[in-house]
Amino acid sequence: RQMSEYQGSQHQDWHRDRPHWHEHPLRLDYVQLMIYLSDVDATTHCFSISPEAVEDPVLEASNEQLARGGVSDVYGPAGTCVLFNASSLHTATTRQTQIER
């Protein structure tokens, strides 16, 4: 999705696209693929995810998952592909920037 330049404070709306599928060995119902169409770095908007290990229990509360898994901001040049479990806690991190992405 296109993200325009932004002048507000950093914004994150942590969510899961689907619940975990506990019957699957990797607890996933489907994977999601994202492709960066422009360069993404610490000065632009980016995709962020809180890593989860399959052997750890699922934490439904976002604040608990963020405390355990932390946050990984995904940066890369145009063409970077991000493949992730749509059940993992993730967000678009919106930062102050003059760069449209």
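Which strand gives the most to the nonpolar patch? Strand β1 (residues 31-35) does, with three residues.

The model is predicted, so local features need pLDDT of at least 70 and side-chain atom pairs count only at pLDDT 80 or more, while totals for chains, interfaces and linings use all residues. Residues are numbered from 1 along each chain as its sequence is written, and side-chain values use heavy atoms, with hydrogens and water left out.

**View 1. A nonpolar patch on the surface is formed by V31, L33, I35, L37 and L83.** Together these residues have about 550 Å² of accessible area, computed by the Shrake-Rupley method with a 1.4 Å probe, where for residues only the protein chains shown count as cover. Patch members have over 30% relative accessible area and no salt bridge; nonpolar side chains (Val, Leu, Ile, Met, Phe, Trp, Tyr) are joined within 5 Å, and like charges within 9 Å. Strands (E, at least two residues) and helices (H or I, at least four) are DSSP runs, numbered from the N terminus.

**View 2. L33 and I35 are both in strand β1.** L33 counts as exposed because its relative accessibility is 52%, whereas I35, at 44%, counts as partly exposed. The classes are buried (under 20% relative accessible area), exposed (over 50%) and partly exposed (in between), with a 1.4 Å probe and protein chains only.

**View 3. L33 is in contact with C81, V82 and L83, leaving aside its neighbours within four places in sequence.** Contact means heavy atoms within 4.5 Å. The C-alpha atoms of L33 and L83 are separated by 4.5 Å, although the two residues are 50 apart along the chain.

**View 4. R16 and E52 meet through their side chains in a salt bridge, at 2.6 Å from N to O.** This pair ties together parts that are 36 residues apart in sequence, because R16 lies in the segment before β1 and E52 in the loop between β2 (46-49) and α1 (62-69). Both R16 and E52 are buried. A salt bridge is a side-chain nitrogen of Lys or Arg within 4 Å of a carboxyl oxygen of Asp or Glu; by this rule the count comes to two.

**View 5. R18 and D29 form a salt bridge, with the closest N and O atoms 2.4 Å apart.** R18 and D29 are eleven residues apart, and each lies in the segment before β1. R18 is partly exposed, with a relative accessible area of 34%. D29 also counts as partly exposed, at 35% relative accessibility.
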